[in-house]
Amino acid sequence: MDIRRRHLLLAGGVLGGGLLVHERGLRFPRLGFEPSPLDTYRNYLDAELRLRDLIFISHEQRGKIALRAFSPNASVRLTPRDDELHLSVNNVLPGATLVVGGDAGKVTEQIAGISRQITIRGGARQKFELQWHRPASTPLKFAVIGDTGGGAELTWCLQRAHALGAEFLLHLGDFNYGPGEYDEAVTKFHQAAMPVYVAIGNHDFNDHGLVYPAFRQHIGPLNNSFSIAGTRFINLDTAASFLPAYAGNRGQLIKQLKRAGNPGPNQLVFSHMPFIDVRGDDKDHVVSRTAERSWLSDSLRKIGVQHWLCGHVHRSKETRMDHFTQWTAGEGLGYEDLRNKTPTAQMLIGLTSETGGLEFSWAPLEMPWHMHTSPTHAAKLKRDGLSQWYQELIPTPSK
Ligand SMILES: [Fe+2]
């Protein structure tokens with residue numbers, strides 16, 4: 001190879017690499033390129049589908065397809081190729097009504113909690129559109145919490161949110177603290193009494209290696225937005241830093257939101273990392289790169305976001321920032337109950353009003369003592385001199 005050709009190849013490689021970094025960005029820790037957006041189109045032997053706010057979960061046998069919604073505005077356009085097609089759709093608001101575009105007489109729906117079983121008979125080669133509508137103009141109540149792990153504490157948080165009357169739960173990430181918790185949490189999300197929309201946490205992104213493909217496969221994209229009850233909910237990925245800050249799917253979403261203009265009176269972001277660590281001035285537990293902080297903060301101001309909902313630091317607190325209020329809602333493991341030897345942990349509740357307002361309040365988590373069982377407690381209990389007290393409270397089962 002002559003020197004000129006080698007230089008040309010090298011220049012081409014540098015340019016290509018530069019474009020890739022510019023478009024998709026690098027993620028760290030664990031250096032890697034941001035993945036492409038999730039597929040919204042499938043062309044199977046038994047059906048052609050176009051999805052909106054849904055992911056494909058499985059297609060294990062002909063005529064049977066499983067989907068999961070990642071917003072209350074999910075819809076699917078499809079053309080069956082056989083005379084019978086079964087579609088299961090998980091994570092749908094229990095009170096939402098199915099609206100069918102096409103020959104509705106061929107579509108039947110069975111409702112079981114957050115799951116819809118759809119059967120289309122005699123519709124081969126016809127076009128259908130299925131979408132679920134929440135009753136308009138009724139106030140919306142939703143719950144917010146993060147840092148639950150995937151064990152008994154997550155079970156409790158899901159039950160508590162439902163008992164408090166929430167229509168859905170915004171999970172702020174970190175459901176994966178130990179072996180088996182990823183699968184455990186996914187199963188619990190799929191079987192919850194209300195839909196769960198999840199922001200990815202650092203432990204769900206990178207834990208003994210890059211584990212986020214499971215998130216995209218079973219839960220949804222790492223960034224998305226939806227509007228309901230006069231409120232735009234923006235799910236932003238802060239699980240690992242972006243280089244450059246504006247790259248990747250998050251950057252693309254923010255760009256679209258900036259172009260889209262004002263969608264209504266209320267806008268919130270649900271994400272994992274805080275801007276301010278409410279436990280003190282710790283730079284390791286916040287959106288930490290200076291360029292990323294200023295770009296994100298400036299973007300939120302331009303979009304008109306009023307609320308930043310986050311977890312990660314296992315505390316509950318309202319903090320007024322320059323352009324928005326940070327709501328730290330990270331007591332999903334309820335460790336504060338153990339530290340204080342009395343129930344103090346809280347869950348954040350959002351409530352929209354008929355006049356277009358959005359208010360937040362704190363509800364006691366009231367986690368029963370026997371559900372404080374995360375393996376992550378051990379080190380903290382030792383640090384806080386509470387190991388013996390905990391052992392008497394929740395004895396380790398004998399093997
Ligand atoms: Fe975290």
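Two ground rules. Residues are numbered from 1 along each chain as its sequence is written. Because the model is predicted, local features need pLDDT of at least 70, side-chain atom pairs count only at pLDDT 80 or more, and totals for chains, interfaces and linings use all residues.

Some terms. Helices (H or I, at least four residues) and strands (E, at least two) are DSSP runs, numbered from the N terminus. Strands pair if DSSP finds at least two bridges between them.

Now the sheet. It is open, with 5 strands in the order E5-E6-E8-E11-E10 and mixed pairing. Strand E5 (54-61) and strand E10 (107-112) are the edges, each pairing on one side only.

Look at E11, residues 115-121. E8, residues 84-90, pairs with E11 in the antiparallel sense over 6 bridges. Leu85 has Ile120 as its bridge partner there. E10 also pairs with E11, antiparallel, over 6 bridges. Thr108 stands opposite Thr119 in E11. E10 and E11 form a hairpin with 2 residues between them. In that turn, Gly113 has a positive phi of about 60°.

How many of the 6 residues in E10 are buried? The count is 0. Buried means that 20 or more other C-beta atoms, placed from the backbone, lie within 10 Å of the residue's own.

Next, the helices. H6 (residues 248-260) packs on H7 (residues 290-303) at about 30°, with axes 9 Å apart. Axes are lines fitted to C-alpha atoms over the stretch in contact, and angles run from 0 to 180 degrees between N-to-C directions. So H6 is roughly parallel to H7, a label for angles under 35 degrees.

Conventions:
A residue is buried if 20 or more other C-beta atoms lie within 10 Å of its own, exposed if 12 or fewer, and partly exposed in between; C-beta atoms are placed from the backbone. Angles under 35 degrees count as roughly parallel, over 145 as roughly antiparallel, 65 to 115 as roughly perpendicular and the rest as oblique.
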